[in-house]
Amino acid sequence: MSTTSSFPAAIPTPEQHASIQTINQAVQQASAWVHPLRQEIGRNIVGQEQLIERLLIGLLANGHVLLEGVPGLAKTLALKTLANAIQLHFRRIQFTPDMLPADIIGTEIYNPREMNFIVKQGPVFANLVLADEINRAPAKVQSALLEAMQEHQVTIGEQTYALPEPFLVMATQNPIEQEGTYTLPEAQVDRFMLKVIVTYPTPAQERIIIDLMGTTDARPPVQPVVGTDDILQARKVVNTIYIDDKVKNYIVSLVHATREPQLYKLDLKPYIHYPASPRASISLTLASRALAFLNGRGYVTPQDVKSIAPDVLRHRVAVSYEAEAEGLKSDDLIRKILETVPVP
């Protein structure tokens, strides 16, 4: 069943209109910084609007972002620019095969003068953490991030330490060079709210990049646009954004279609090795709310869900060997599901 870009059935009913208007006003007030922030980031980043939008969704929805793209596409620069514009503490961790978990979370160091152990916190104690080429480190190092990403805390020795808020992990991986890399385990991948495929800029955008970056002069510093308190307040508003029951059912149907595709007249069962978990439904709901917030709306439409669904589902739907033999990727299966599952 094909869908169109018009979704009148999911617009709030007259009975809900008053409360939606109140939420709309709150959204417009709380999101006043979104446009200036995008403009400031756009002074340094060209042609990566979707990447910036996905990073903001992760920040607003309290999620983490996995980026896949070849080197040189401004992945690191995007997060660093965002951190400077929001006045957040940024740390970059370069993952390598010889890393240890202590290199990320920190460790206890013996102090001979005091004859006791003191804790030296690792680089994960920051607001925005870039895990660069995360798949180059072995599983025990990758798993060091699990507690931090899920619980926003780390345990060093016998003590547990809370991480600063907001806390966002952006991990990158190179889709081409696989020698000396370690595949991310499902438990690790599932903790990323979004997996974003970063693509090349267009020729027109690359021409602007040359004008902007083709000099040895230092780039102008990024001006702060919004503070931490504004982000945390925006999160509270995001949580109030209205989602109609029909849209919630639509989210559940999309995720359930990865488990029982035959119920939706989809012949995809042989191609799906591992379907999406309930965390996919939660992430899709939160990300749709954040996207509505960025668009200045107090309610979620099915189009919000459809536009963000590939980034939420692509890393949670593992394809089978049969799918690989036929050249099918998870994006192909998700696209078929989005085209078939009825839209409210």
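User: Why is Val226 called buried?

Analyst: This is a predicted model, and every value here is computed from it. Val226 has a relative accessible area of 2%. Buried means under 20%, so Val226 counts as buried. Val226 is placed in the loop between helix H9 (203-213) and helix H10 (228-240).

User: Why does Lys306 count as buried?

Analyst: The relative accessible area of Lys306 is 17%. That value is under the 20% limit, so Lys306 is buried. The residue belongs to helix H13 (residues 302-313). Between the C-alpha atoms of Lys306 and Gln159 there are 42 Å, and along the chain these residues are 147 apart.

User: What makes Glu133 partly exposed, and where does Glu133 lie?

Analyst: Glu133 has a relative accessible area of 22%. Buried requires under 20% and exposed over 50%, so Glu133 falls in between and is called partly exposed. Glu133 sits in the loop between strand S5 (128-132) and helix H6 (139-142). Its phi is positive, about 50 degrees, although Glu133 is not a glycine.

User: What about Lys265: is it buried or exposed?

Analyst: Lys265 has a relative accessible area of 81%. The cut-off for exposed is over 50%, so Lys265 is exposed. It is found in the loop between helix H11 (245-256) and strand S10. Lys265 also has a positive phi, near 60 degrees, in a residue other than glycine.

User: Which peptide bond is cis, and what is its omega?

Analyst: The bond from Glu165 to Pro166 is cis, and its omega is near -5 degrees. Pro166 is in the loop between strand S7 (159-162) and strand S8 (168-173). At 0% relative accessibility, Pro166 is under the 20% limit and therefore counts as buried.

User: Why is the pair of Trp33 and Phe293 called tilted?

Analyst: A pair of aromatic rings is described by the distance of the centres and the angle of the planes. The ring centres of Trp33 and Phe293 are 6.4 Å apart, and rings pair if their centres lie within 6.5 Å. Their planes are at 40 degrees. Stacked needs under 30 degrees and edge-to-face over 60, so this pair is tilted. A search of the whole structure finds two aromatic pairs, and this is one of them.

User: What does the pair of Trp33 and Phe293 tie together?

Analyst: Trp33 is in the loop between helix H1 (14-30) and helix H2 (34-42), while Phe293 is in helix H12 (residues 278-294), so the pair ties together parts that are 260 residues apart in sequence. Trp33 has 8% relative accessibility and counts as buried. Phe293, at 0%, is buried as well.

User: Why is H12 described as largely enclosed by the rest of the structure?

Analyst: Of the 17 residues of H12, 12 are buried, so the helix is largely enclosed. Among them are Ala280, Leu284, Arg289 and Leu294.

User: How many Å does H12 reach, and what is expected?

Analyst: H12 reaches 25 Å from its first C-alpha to its last, close to the 24 Å expected at 1.5 Å a residue. After H12 comes Gly296, which has a positive phi near 75 degrees.

User: How do you know that Arg297 lies over the face of Tyr299?

Analyst: Arg297 is at 5.7 Å from the ring centre of Tyr299. The distance limit is within 6 Å, and Arg297 lies over the face of the ring.

User: What is the volume of the largest pocket, and which residues are closest to its centre?

Analyst: The largest pocket has a volume of about 1,200 Å³. It is lined by 38 residues, and the closest to its centre are Glu68, Gln173, Lys195, Arg314 and Ser330. Elements that give two or more residues to the lining include strand S1 (65-68), strand S9 (194-197) and helix H15 (330-340). By class, the lining has 16 nonpolar, 13 polar and nine charged residues.

Note on methods: Residues are numbered from 1 along each chain as its sequence is written. This is a predicted model: local features need pLDDT of at least 70, side-chain atom pairs count only at pLDDT 80 or more; totals for chains, interfaces and linings use all residues. Side-chain values use heavy atoms; hydrogens and water are left out. On a 1 Å grid over the protein atoms alone, a cavity is a set of points where a 1.4 Å probe fits but cannot get out, and a pocket is an open set with protein on both sides within 12 Å along at least five of seven lines; lining residues have an atom within 4 Å of a point. Grid points are joined across faces, edges and corners, and a volume is the space filled by probe spheres set on the points. Helices (H or I, at least four residues) and strands (E, at least two) are DSSP runs, numbered from the N terminus. Ala, Val, Leu, Ile, Met, Phe, Trp, Tyr, Cys and Pro count as nonpolar, Asp, Glu, Lys and Arg as charged, and the others, Gly among them, as polar. Rings of Phe, Tyr and Trp (its six-membered ring) pair if their centres lie within 6.5 Å; planes under 30 degrees apart count as stacked, over 60 as edge-to-face and the rest as tilted. Buried means under 20% relative accessible area, exposed over 50%, partly exposed in between (1.4 Å probe, protein chains only). A charge sits over a ring if NZ of Lys or CZ of Arg is within 6 Å of the ring centre and within 35 degrees of the ring normal. The expected span of a helix is 1.5 Å times one less than its number of residues.
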